[in-house]
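Here's a quick briefing to read alongside the model. Have the sequence and the 3D view open as you go.

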Amino acid sequence: MTAKAPLLVLENVESFLDSHGLGSGPITATRIGDGGGSNFTFLLERGGERFVLRRPPRPPLPPSAHDMVREAGLQNAIRAAGFTRLADIVAVCDDEDVTGVPFYVMRYLDGHVITGSLPPGLESREARFALGMDLVDTLVEIHAARGPSLDSFARPGSYLERQVKRFAQLWEINRTREIHAVDDVGRYLADNVPDPLAPTVVHGDYRLGNMMVSPAEPTKIVAVLDWEMGAIGDPRADVGYLLATYTEPDGSVSALGSSPVTGEPGFPSRAELVERYVELSGRDVQPLAWFEALAMWKAAVFCEAIYGRYVRGELGREDDRAARFELGVPYLAETAAAAIARA
């Protein structure tokens, strides 16, 4: 069996940091965040300073996917356009000789990323509700970002049509088996694209698990992470994705299984999230069922890529959780089909 390339070549990363004046001395690197075969994140410690390095999975990668240079540039453009709940990017490397792939480096930001459990300070219903509302408020702020720094990320034509076409192409690349629901949902989405709204910044993977909250005030989001899917497009795509990945208190569980903590008492319902967004943004968000179906369908396509890397043995032993996508991908596709049935 061929040995896998290391995710980091520490002496090369050390030299790269030296060239940017980022700390001094030997590096200690610790992988952080969830596994599963998507992008990798490492905590770098050297000379009493902390940084975070983000890099893509091992090649081969689908065309235009996992573009670290673009992801870093978009975040810098969004910050210049007025949205500041972001990590501070301090260096970008497009030289694959350093560690095999492009990557970028952020300053370490202290906070909690909420996935499987709630941090201290969110014991009360009131605190949980406040965090849910700030999740919406942060999305409204993202969609309000404006400025010339974003111009280079805008593309002519329909964002929604491009999304459907792009993920249909990715399905042909990613698929490891026949899943008829993926094909059926893709055809429906292509045939029923809604009329567009005025374009805004779109995160593309907007859910509580991609937020960092303040340790001192955990009802407040201090940074939005993981901008790989970010673009200029239809803001309803983010609203639909948030709803599709949101587990309601005493209600339906998200098919994606992300951020299950929102099922705890006190968190807002999906209806309350929508009401808050419409009130603050002034936008009509219908037809939401189409956008929820789009979200689940895209998740199925993306998770199939991770599952494919798992079955081909391209993931490390620490990423065995990707095995769950054997059943998870068909379930996501069936959930998307159920959303269409509600439309």
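This is a predicted model: local features need pLDDT of at least 70, side-chain atom pairs count only at pLDDT 80 or more; totals for chains, interfaces and linings use all residues.

Residues are numbered from 1 along each chain as its sequence is written, and side-chain values use heavy atoms, with hydrogens and water left out. Helices (H or I, at least four residues) and strands (E, at least two) are DSSP runs, numbered from the N terminus.

**The three-stranded sheet**

- Three strands make an open sheet in the order S6-S8-S9, and the pairing is antiparallel; two strands count as paired if DSSP finds at least two bridges between them.
- Strand S6 (112-113) and strand S9 (221-224) are the edges, each pairing on one side only.
- S8 (residues 211-213) is joined to S9 by three bridges, and Met212 has Ala223 as its bridge partner in S9.
- Helix H3 (residues 125-144) packs on this sheet and touches S8 and S9, with its direction at about 45 degrees to that of S9. Contact here means heavy atoms within 4.5 Å; axes are lines fitted to C-alpha atoms, for helices over the stretch in contact, and angles run from 0 to 180 degrees between N-to-C directions.

**Helix H2**

- H2 (residues 68-80) has 13 residues, so at 1.5 Å a residue it should span 18 Å, and its end C-alpha atoms agree at 19 Å apart. The expected span is 1.5 Å times one less than the number of residues.
- Its buried residues are Met68, Glu71, Ala72, Leu74, Gln75, Ala77 and Ile78, where buried means under 20% relative accessible area, exposed over 50% and partly exposed in between (1.4 Å probe, protein chains only).
- The cover over those buried residues includes strands S3 (49-55), S4 (89-93), S5 (103-107), S7 (200-202) and S10 (231-233).
- Just after H2, Gly82 has a positive phi of about 115 degrees.

**Asp67, at the start of H2**

- Asp67 sits in the loop between S3 and H2 and is partly exposed, at 35% relative accessible area.
- A side-chain oxygen of Asp67 comes within 3.2 Å of the backbone nitrogen of Val69, and the Asp67 side chain also reaches the backbone nitrogen of Arg70 at 3.0 Å.
- Asp67 and Met229 are 162 residues apart along the chain, with 9.5 Å between their C-alpha atoms.

**Salt bridges**

- The model has 17 salt bridges, each being a side-chain nitrogen of Lys or Arg within 4 Å of a carboxyl oxygen of Asp or Glu.
- Glu71 and Arg54 form one of them (2.6 Å, N to O), linking helix H2 to strand S3 across 17 residues. Glu71 is buried at 0% relative accessibility, and Arg54 is buried at 7%.
- Asp134 and Lys220 pair up at 4.0 Å, N to O. Asp134 is in helix H3 and Lys220 in the loop between S8 and S9, so this pair ties together parts 86 residues apart in sequence. Asp134 is buried at 3%, whereas Lys220 is partly exposed at 38%.
- Arg85, Asp134, Glu141 and Lys220 are linked in a salt-bridge network.
- Arg276 bridges to Asp137, with the closest N and O atoms 2.8 Å apart. Here helix H7 (residues 270-281) carries Arg276 and H3 carries Asp137, 139 residues apart. Arg276 is partly exposed at 26%, and Asp137 is buried at 17%.

Key. A polar contact is a pair of N or O atoms within 3.5 Å; within protein, one must be able to donate a hydrogen and the other to accept it, and residues adjacent in sequence count only if both atoms are side-chain atoms.
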